[in-house]
Amino acid sequence: MTQKSISDTKHWLRTARTITEALPFMRRYNGKTFVIKYGGHAMVDEELASLFASDIALLKQVGINPIVVHGGGPQIGRMLERLEVKSEFIDGLRITDAKTVEVVEMVLSGTINKSIVSAINAAGGRAVGLSGKDGNLIQAQKLRRTKRDPDSNIEKVLDLGFVGEPTMIDPKILFSLQQSDIIPVIAPIGVGPAGETYNINADTVAGAVAAAAGASRLMMLTDVSGVLDKDGELIQELNTAQVEALEKDGTISGGMIPKLETCVKAVNNGVEAAVILDGRLPHSMLLEIFTGGGIGTLIYR
C-alpha cells in the first residue's frame with residue numbers, strides 16, 4: 001500500500017468516525033426546530049457566509065427545522081451614510097425616525113434578507129424571506145427606555161423613534177413552513193397596531209421567535225467564543241440561576257448581558273436550551289449540534 005493510499009484510508013476513517021458520532025444527534029434532533037440568530041463577522045465575511053448557508057441547508061436535509069433571524073447594523077449604517085441620512089445613538093440604540101426606518105426596512109427586508117435567501121438556495125436549500133409584517137408574524141410596540149440624569153437624579157424617558165419590541169409572535173406561518181422543505185429567513189422588522197414599522201433588535205426577535213415556535217434550541221452566533229469566566233476561559237454550561245450570579249459579580253458585562261438575558265428569557269418561556277457560540281469559526285453550528293462536547297456556552301433552565 002502506497003503512502004498516499006494509507007493517507008487516504010486514514011482520512012476516510014476519520015470521516016466515518018465523524019459521521020458515526022453525529023448519527024445519535026441527528027436522531028435526537030430529527031423534527032426539532034432550531035432558531036439561529038445570524039449576525040456579526042459571520043455575516044459580512046463572504047467565505048463564512050457561504051459556509052453558513054451550506055450548514056443551514058444541511059440541517060434541513062438531516063431533519064432539523066432551522067429558522068434564521070438576521071441582523072444588519074453595519075449594513076444599515078453604510079446605507080444611511082450613502083444616502084446622507086444622519087443617525088444618532090443613545091446607549092447603543094439607534095434613534096430611528098420616519099426617514100431612517102424606511103432605510104432600515106429597505107436594507108433588512110430587502111438587500112440583506114434576499115442575499116441570505118439566495119445563498120441558502122444556492123447551497124441546495126429552499127429558503128423564503130420574511131419580515132415581521134408578513135402574516136403579522138411580529139406584532140410590536142414602541143420600545144420604552146428611561147435614563148437617569150446623573151446630576152439631577154431624575155429619570156427621563158428616551159424617545160428612540162420607531163425602535164420597537166415584540167408584543168406577540170404569531171407562529172402560524174412558521175408552523176406551515178415547518179411542514180414543508182422551506183427554510184424561513186426573518187428580518188427583525190415588526191408591525192405596530194396602526195400598521196407602523198418598527199426596527200427591533202435581532203437578538204430579541206430571535207428569542208421571541210424561538211419561544212413562540214417551541215424551539216428545541218436558540219443559537220446565537222456572536223463574535224466571541226461564548227461566555228468567558230474571569231480567567232478568560234470558556235464556560236461550557238450555565239443554568240439560569242448561574243447567569244444571574246455571574247452578572248451580579250461582574251463576570252458577565254457589556255454586550256454579553258443583553259444576549260444572555262435574551263437566552264434566559266427564551267429558556268424560561270419553554271425553549272429547551274440556548275447556545276452562545278462563535279460565528280467566526282467555520283461550521284460552528286455543526287460542531288455544536290453534532291458533537292458530544294459542543295463548542296459554545298449552553299444555557300438551560
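**Helix packing and buried residues**

User: How do the axes of helix 7 and helix 9 lie in this model?

Analyst: In this predicted model, the axes of helix 7 and helix 9 come within 9 Å and cross at roughly 10°.

User: Why are helix 7 and helix 9 called roughly parallel?

Analyst: The crossing angle is roughly 10°, and angles under 35 degrees count as roughly parallel. Helix 7 and helix 9 are therefore roughly parallel to each other.

User: Which residues meet between helix 7 and helix 9, and of what class are they?

Analyst: Asp 203, Thr 204 and Gly 207 of helix 7 meet Lys 259, Thr 262 and Ala 266 of helix 9. By class, this contact has 1 nonpolar, 3 polar and 2 charged residues. Gly counts among the polar ones.

User: What else is known about Asp 203 and the ends of helix 7?

Analyst: Helix 7 covers residues 202-212, and its buried residues are Ala 202, Asp 203, Val 205, Ala 206, Gly 207, Val 209 and Ala 210. At the start of helix 7, a side-chain oxygen of Asn 201 is within 2.9 Å of the backbone nitrogen of Asp 203. Helix 7 is followed by Gly 214, which has a positive phi, near 65°.

User: Helix 9 also packs against helix 8. What makes that pair roughly antiparallel?

Analyst: Helix 8 (residues 240-248) and helix 9 (residues 256-268) pack at about 155°, with axes 10 Å apart. Angles over 145 degrees count as roughly antiparallel, and helix 8 and helix 9 are therefore described that way. Their crossing is left-handed.

User: Which residues make the contact of helix 8 with helix 9?

Analyst: Helix 8 contributes Thr 240, Val 243 and Glu 247, while helix 9 contributes Ile 257, Leu 260, Glu 261, Val 264, Val 267 and Asn 268. These divide into 5 nonpolar, 2 polar and 2 charged residues.

User: Is the crossing of helix 4 and helix 5 left-handed or right-handed, and which residues make the contact?

Analyst: The crossing is right-handed. Helix 4 supplies Gln 75, Ile 76, Met 79 and Leu 80; helix 5 supplies Thr 100, Val 103, Val 104, Met 106, Val 107, Leu 108 and Ile 112.

User: How do you know whether Leu 80 counts as buried or exposed?

Analyst: Leu 80 is in helix 4. Its relative accessibility is 2%, and buried means under 20%; Leu 80 therefore counts as buried.

User: What does Leu 80 touch, and how far is Leu 80 from Lys 99?

Analyst: Leaving aside neighbours within four places in sequence, Leu 80 is in contact with Val 85, Ser 87, Arg 94, Thr 100 and Val 103. Leu 80 and Lys 99 are 19 residues apart in sequence, and their C-alpha atoms are 9.9 Å apart in space.

User: Why does Ser 109 count as buried, and what does Ser 109 touch?

Analyst: Ser 109 is in helix 5. Its relative accessibility is 18%, which is under the 20% limit, so Ser 109 counts as buried. Not counting residues up to four places away in sequence, Ser 109 touches Lys 114, Ser 131, Ala 187 and Ile 189.

Methods:
Residues are numbered from 1 along each chain as its sequence is written. This is a predicted model: local features need pLDDT of at least 70, side-chain atom pairs count only at pLDDT 80 or more; totals for chains, interfaces and linings use all residues. Side-chain values use heavy atoms; hydrogens and water are left out. A crossing is left-handed if the near helix is turned anticlockwise from the far one by less than a right angle, and right-handed if clockwise. Helices (H or I, at least four residues) and strands (E, at least two) are DSSP runs, numbered from the N terminus. Contact means heavy atoms within 4.5 Å. Axes are lines fitted to C-alpha atoms, for helices over the stretch in contact, and angles run from 0 to 180 degrees between N-to-C directions. Angles under 35 degrees count as roughly parallel, over 145 as roughly antiparallel, 65 to 115 as roughly perpendicular and the rest as oblique. Buried means under 20% relative accessible area, exposed over 50%, partly exposed in between (1.4 Å probe, protein chains only). A polar contact is a pair of N or O atoms within 3.5 Å; within protein, one must be able to donate a hydrogen and the other to accept it, and residues adjacent in sequence count only if both atoms are side-chain atoms.
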